[in-house]
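Subject: Structure for you to look at

Dear colleague,

Please keep the picture open while you read.

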Amino acid sequence: DEKTGRASYELEFPNGGQVIAIGNLIEQSQGTENNTIISYGAEGYMWPENRFGFVHNTVVNRRPAGGVFVRATSGDARALLANNVFAGKGELRLAIPATEIGNVSIGLGSLADPESYDYRLTGGELF
C-alpha cells in the first residue's frame with residue numbers, strides 16, 4: 001500500500017488451501033478502510049489440506065487505530081507463524097490451531113525510518 005494505497009487486504013486467501021509466505025515486506029497504509037492486513041479462510045475452507053505458513057515476514061501497519069495483522073477463520077485448518085516482525089498497532093486473530101514461534105511485535109518508532117520505507121530495526125527490539 002505504501003503511504004496512499006487503499007487495498008482491502010494486502011494478502012487474501014479466502015478459501016484457505018496450502019499457503020507458504022516467506023520473507024515478504026507487507027505494509028498497510030494509514031488510509032485503508034479494512035483493518036485486516038492478511039486474511040485466511042474468510043469464505044470457508046474448500047480444500048482437502050488447509051495449511052497456512054507465514055515465516056520471516058515483516059508486516060507494517062500504519063493505521064492509527066490499529067487492526068489485525070493476520071486473521072484466520074475457524075475451520076479445518078492449521079497455521080504456523082514463525083520469526084515474523086509485526087510493526088505498528090495490531091493483533092493476531094487466529095481461530096485455528098496455530099504454532100507461534102519467535103514473532104515480535106514492535107511500535108513503528110522501533111523502525112529506522114518508516115517514512116522513507118527503511119524498515120530496519122533500530123536495535124534491541126528482539127532481545
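What percentage of the 127 residues in the chain do buried residues make up? Buried residues account for 41% of them, where buried stands for under 20% relative accessible area, exposed for over 50%, and partly exposed for what lies in between, with a 1.4 Å probe and protein chains only.

Before the details, please note that this is a predicted model, in which local features need pLDDT of at least 70 and side-chain atom pairs count only at pLDDT 80 or more, while totals for chains, interfaces and linings use all residues. Residues are numbered from 1 along each chain as its sequence is written, and side-chain values use heavy atoms, with hydrogens and water left out.

The overall fold

The chain has zero helices and 14 strands, helices (H or I, at least four residues) and strands (E, at least two) being DSSP runs numbered from the N terminus. Its radius of gyration is 14 Å, close to the 14 Å that the globule rule gives for 127 residues, so the chain is as compact as a globular protein of that length; the radius is taken over C-alpha atoms, and the rule is 2.2 Å times the number of residues to the power 0.38. Along the principal axes, the C-alpha atoms fill a box of roughly 45 × 35 × 20 Å. If we take contacts (heavy atoms within 4.5 Å) between residues at least 6 apart in sequence, 61% of these join residues at least 24 apart. The accessible surface, from the Shrake-Rupley method with a 1.4 Å probe and, for residues, with only the protein chains shown as cover, comes to about 6600 Å², and 49% of it belongs to carbon and sulfur atoms.

Salt bridges

Five salt bridges are present, each being a side-chain nitrogen of Lys or Arg within 4 Å of a carboxyl oxygen of Asp or Glu. One of them joins Glu115 to Arg62, with the closest N and O atoms 3.1 Å apart. Because Glu115 lies in the loop between β13 (111-113) and β14 (118-121), and Arg62 in the loop between β6 (58-61) and β7 (68-72), this pair ties together parts that are 53 residues apart in sequence. Glu115 is partly exposed at 45% relative accessibility, whereas Arg62 is buried at 10%. Glu27 belongs with Arg62 and Glu115 to a network of salt bridges. Another salt bridge holds Arg93 and Glu91 at 2.5 Å, N to O, and here Arg93 is partly exposed at 37%, as is Glu91 at 36%.

Aromatic pairs

Six aromatic pairs were found in the whole structure; rings of Phe, Tyr and Trp (its six-membered ring) pair if their centres lie within 6.5 Å, and planes under 30 degrees apart count as stacked, over 60 as edge-to-face and the rest as tilted. Phe13 and Phe52 form a tilted pair, 6.3 Å centre to centre with 50° between the planes. Since Phe13 lies in strand β1 (residues 11-13) and Phe52 in strand β5 (residues 51-55), the pair ties together parts that are 39 residues apart in sequence. Phe13 is partly exposed, with a relative accessible area of 22%, but Phe52 is buried at 2%. The rings of Tyr40 and Tyr45 are tilted too, with centres 5.5 Å apart and planes at 50°, and both of these residues are buried. Ring pairs join Phe13, Tyr40, Tyr45, Phe52 and Phe54 into a cluster.
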